[in-house]
Amino acid sequence: TGCYTRLYLDVIDQMNASRSLRILMLGPSFSVKGGISSVEKSIHRGLTDRNHRVMMLPTTFDHPRLLKLVHGLVLWCLFPFILLLTRPRIVYIHFASSYSTWRKRPFVTWSWLFRRKVILHAHGGGYEAFWNSLGARKRRRIQRMFSRSERLIVLSEVWKRFYAEAVMVDEHKIRILPNPVSIRVEHPRQHEDNEILKLYYCGRV
C-alpha cells in the first residue's frame, strides 16, 4: 500500500499540488464488497495520512436495482450543489465499462463546468469489448468525457496503449497504477527442516 500511495501522490504532485488538497472521491460505497471499494479504501487511507482531505461520495450501494436507480438520479441532481458545498480542488471518479461509464459522465461534465480537476480511474477488464460494441456517436460522447479529465489512471501498460490508441486519450494524461496489496508482516513459527509448511488462503479473488 505504501508503494501505491507514493505512485498515487506522484499523480497529485504532477497536478502542481504543493499543499493539502480537498479531494472528492466518487465510486462504490466502502461497504460494497469488491475490488474497487478496496482500492478506494487504500487511496483514502494513504492520502489522509498525508494530510489531504478526502471526502467520499458513494455512487452505488449493495441495494436492489430500483433503489440504485433512484440513488443515481438523485445524485445527478444534487451534484452541482455538492460541488458548491464541499469545494474540492480535485474530483476523483472510479469507473468501469458499460453502465458505469454512462453514470459517471454527468459527474465529469459538472466538474468540468465548475472548473474542478478530474482524475478518472479505470477498473475492470471488459472495457475493450464495451468500446468495440459502441457506435461512432456514443464513442464521441465518451471521448469527450476523457478530454475533460486531467488524468486517467489505468492498471497496466496494455491498458495504457488501449486507451491511447483505441479511445484516443492523450497519452500524457495516462498514468499506470497497479492495484494495491496490503501485506502484513508475519513471522511463522519455527519448524523442523523436514516439516512441510502449509499455507491456506480464504477470501474473494
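Is Arg 115 buried or exposed? With a relative accessibility of 76%, Arg 115 counts as exposed, where exposed stands for over 50% relative accessible area, buried for under 20% and partly exposed for what lies in between (1.4 Å probe, protein chains only).

## Basis of the model

The model is predicted, and local features need pLDDT of at least 70, side-chain atom pairs count only at pLDDT 80 or more, while totals for chains, interfaces and linings use all residues. Residues are numbered from 1 along each chain as its sequence is written, and side-chain values use heavy atoms, with hydrogens and water left out.

## Overall composition

The chain holds seven helices and six strands, and its elements follow the pattern α-β-α-β-α-β-α-β-α-α-β-α-β along the sequence; helices (H or I, at least four residues) and strands (E, at least two) are DSSP runs, numbered from the N terminus. Of the 205 residues, 40% count as buried.

The accessible surface of the chain comes to about 12,800 Å², with 55% of it belonging to carbon and sulfur atoms; such areas come from the Shrake-Rupley method with a 1.4 Å probe, and for residues only the protein chains shown count as cover. Contact means heavy atoms within 4.5 Å, and among the contacts between residues at least 6 apart in sequence, 74% join residues at least 24 apart.

## The sheet

The six strands form an open sheet with parallel pairing, in the order β2-β1-β3-β4-β5-β6, where two strands pair if DSSP finds at least two bridges between them. At the edges stand β2 (53-60) and β6 (174-176), each of which pairs on one side only. Neighbouring strands of this sheet are turned by 20° against each other on average, direction ignored; the axes behind this value are lines fitted to C-alpha atoms, for helices over the stretch in contact, and angles run from 0 to 180 degrees between N-to-C directions.

Strands β3 and β4 pair in the parallel sense over six bridges, with Ile 90 opposite Lys 117 in β4. Strand β4 is mostly covered, given that five of its six residues are buried. Strand β5 (residues 151-154) and β6 also pair in the parallel sense, over three bridges, and here Val 154 stands opposite Ile 176 in β6.

## Helices against the sheet

Helix α4 (residues 99-113) lies across β1 (22-28), β2, β3 (90-95) and β4 (117-122), and runs at about 170° to β3. Helix α7 (residues 157-165) packs on the sheet as well, touching β3, β4, β5 and β6, and its direction makes about 165° with that of β6.

Thr 59 lies in strand β2 and is buried, with a relative accessible area of 7%. Leaving aside neighbours within four places in sequence, Thr 59 is in contact with Leu 26, Gly 27, Pro 28, His 71, Leu 75, Lys 104 and Phe 107.

Phe 95, in strand β3, counts as buried at 1% relative accessibility. Not counting residues up to four places away in sequence, the residues that Phe 95 touches include Lys 104, Leu 120, Phe 146, Leu 152 and Tyr 163. Although Phe 95 and Pro 28 are 67 residues apart in sequence, their C-alpha atoms are 9.4 Å apart in space.

## Loops and surface

Arg 115, with which this report began, has its place in the loop between α4 and β4; Arg 115 and Arg 148 are 33 residues apart in sequence and 9.8 Å apart in space, C-alpha to C-alpha. Arg 87, in the loop between α3 and β3, has a positive phi of about 50° although it is not a glycine, and at 62% relative accessibility Arg 87 counts as exposed. Ser 98, in the loop between β3 and α4, likewise has a positive phi, of about 60°, without being a glycine, and Ser 98 counts as partly exposed at 29% relative accessibility.

A nonpolar surface patch of about 860 Å² is made by Leu 66, Leu 69, Val 70, Leu 73, Val 74, Trp 76, Leu 78, Phe 81 and Leu 84. Patches are made of residues with over 30% relative accessible area and no salt bridge, like charges being joined within 9 Å and nonpolar side chains (Val, Leu, Ile, Met, Phe, Trp, Tyr) within 5 Å; a salt bridge is a side-chain nitrogen of Lys or Arg within 4 Å of a carboxyl oxygen of Asp or Glu. Within this patch, Val 74 lies in helix α3 (residues 65-86) and is partly exposed, with a relative accessible area of 43%.
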